[in-house]
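Biologist: I am new to this structure and would like to go through it with you. Could you show it, please?

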Amino acid sequence: MLKPVLLKFLPLILLCASGTFGFTQSLKIDEPAPMRAGSNSATIDSFGGNQYWVLTVGPGAFKVTFNYGNRQEGFNTGGRPQMFVGFKPKVPDTTVTHADFPGGTTWSGTAAKPSRLEVAVVPAPGALVRQTTAYTLEATGSVSFAPGAEAGPSVAGIYQISIGGHEGTAKFASNGEITTTNNETGTWKLFDADSKTYVVTFAGQRYSVTYQPGRGMVDNHGFLIFVQKH
């Protein structure tokens, strides 16, 4: 019997195998994050779900390479994260193939005209056991990237506060303000898009944090201090 995660992506796999497609570090399948030129790094969490990316490929040949590292937190579930790609909308007379290698996968293909390619990264299986894994994605060949892809990921959303002496839930608003259920306030701003580094001022304290989509804000000691809610 196919595992649930494989059942979920079976239409994508079949479509790619037939030479056309459809499906893809946003956690929202309908709002994939734009890939950037060069290496795109992220961390995927088996408790956080799939992550989605998008870019434009063609006309001509392209390649998307996925590399994953060792477990960062939790337990080694014995599985490996997976990566799938597909065109959306479908592109006729297009070939897409993939080849696994130790530590990753490469998808190669061609597109007769500029076409939207979506990428899905699926965490290692482990519904009851947590495993977080760092990975990179890089697209080469006939590829182009969306304007604004250099701006860094949006961190606006709801987070559980995990700082000693503070409780409750925090809302990171798109205007850079932070409000909480226990009436504490703060601000956030992007410091460096490449490293996903943000400066957070919260309850009178200043934090330099790294944003890991699907997980939240990690401080310089590696502690997850704002846990992203789903």
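**Thr106 and its surroundings**

Modeller: Setting aside neighbours within four places in sequence, Thr106 is in contact (heavy atoms within 4.5 Å) with Lys63, Val64, Thr65, Thr97, His98, Ala99 and Phe101. Please note that this is a predicted model, in which local features need pLDDT of at least 70 and side-chain atom pairs count only at pLDDT 80 or more, while totals for chains, interfaces and linings use all residues. Residues are numbered from 1 along each chain as its sequence is written, and side-chain values use heavy atoms, with hydrogens and water left out.

Biologist: Where is the place of Thr106, then?

Modeller: Thr106 belongs to strand β6. Strands (E, at least two residues) and helices (H or I, at least four) are DSSP runs, numbered from the N terminus.

Biologist: Is Thr106 buried or exposed?

Modeller: Thr106 is buried, at a relative accessible area of 15%. Buried means under 20% relative accessible area, exposed over 50%, and partly exposed in between, with a 1.4 Å probe and protein chains only. Across the protein, buried residues make up 43% of the 230 residues.

Biologist: What about Thr105, and which side chain does it join by a polar contact?

Modeller: Thr105 is also found in strand β6, which covers residues 104–111. Its side chain and that of Arg80 are joined by a polar contact of 3.1 Å. Such a contact is a pair of N or O atoms within 3.5 Å; within protein, one must be able to donate a hydrogen and the other to accept it, and residues adjacent in sequence count only if both atoms are side-chain atoms. Thr105 is buried, with a relative accessible area of 1%. Beyond four places in sequence, the contacts of Thr105 include Val64, Phe66, Met83 and Asp100.

Biologist: Let us change topic. How many residues are in the largest nonpolar core, and which touch the most other members?

Modeller: That core has 25 residues, and Trp53, Met83, Val119, Val121 and Leu137 touch the most other members. A nonpolar core is a set of buried Ala, Val, Leu, Ile, Met, Phe, Trp, Tyr and Cys residues joined through side-chain atoms within 4.5 Å. Strands that each supply at least two residues of this core include β3 (51–74), β6 and β8 (131–144). The largest share, six residues, comes from β3. Apart from this core lies another, of 17 residues, among them Ile178, Trp188, Met217 and Phe226.

Biologist: And how many aromatic pairs does a search of the whole structure find?

Modeller: The search finds eight aromatic pairs. Rings of Phe, Tyr and Trp (its six-membered ring) pair if their centres lie within 6.5 Å; planes under 30 degrees apart count as stacked, over 60 as edge-to-face and the rest as tilted. The Trp188 and Tyr198 rings have centres 5.9 Å apart and planes at 55°, so this pair is tilted. Trp188 lies in strand β12 (residues 185–192) and Tyr198 in strand β13 (residues 197–202), so the pair ties together parts that are ten residues apart in sequence.

Biologist: Why is the pair of Phe202 and Phe226 edge-to-face?

Modeller: The ring planes of Phe202 and Phe226 are at 85°, with centres 5.5 Å apart, so the pair is edge-to-face. Phe202 lies in strand β13 and Phe226 in strand β16 (residues 224–228), so parts that are 24 residues apart in sequence are tied together. Both Phe202 and Phe226 are buried. Ring pairs also link these two with Tyr159 and Phe172 into a cluster.
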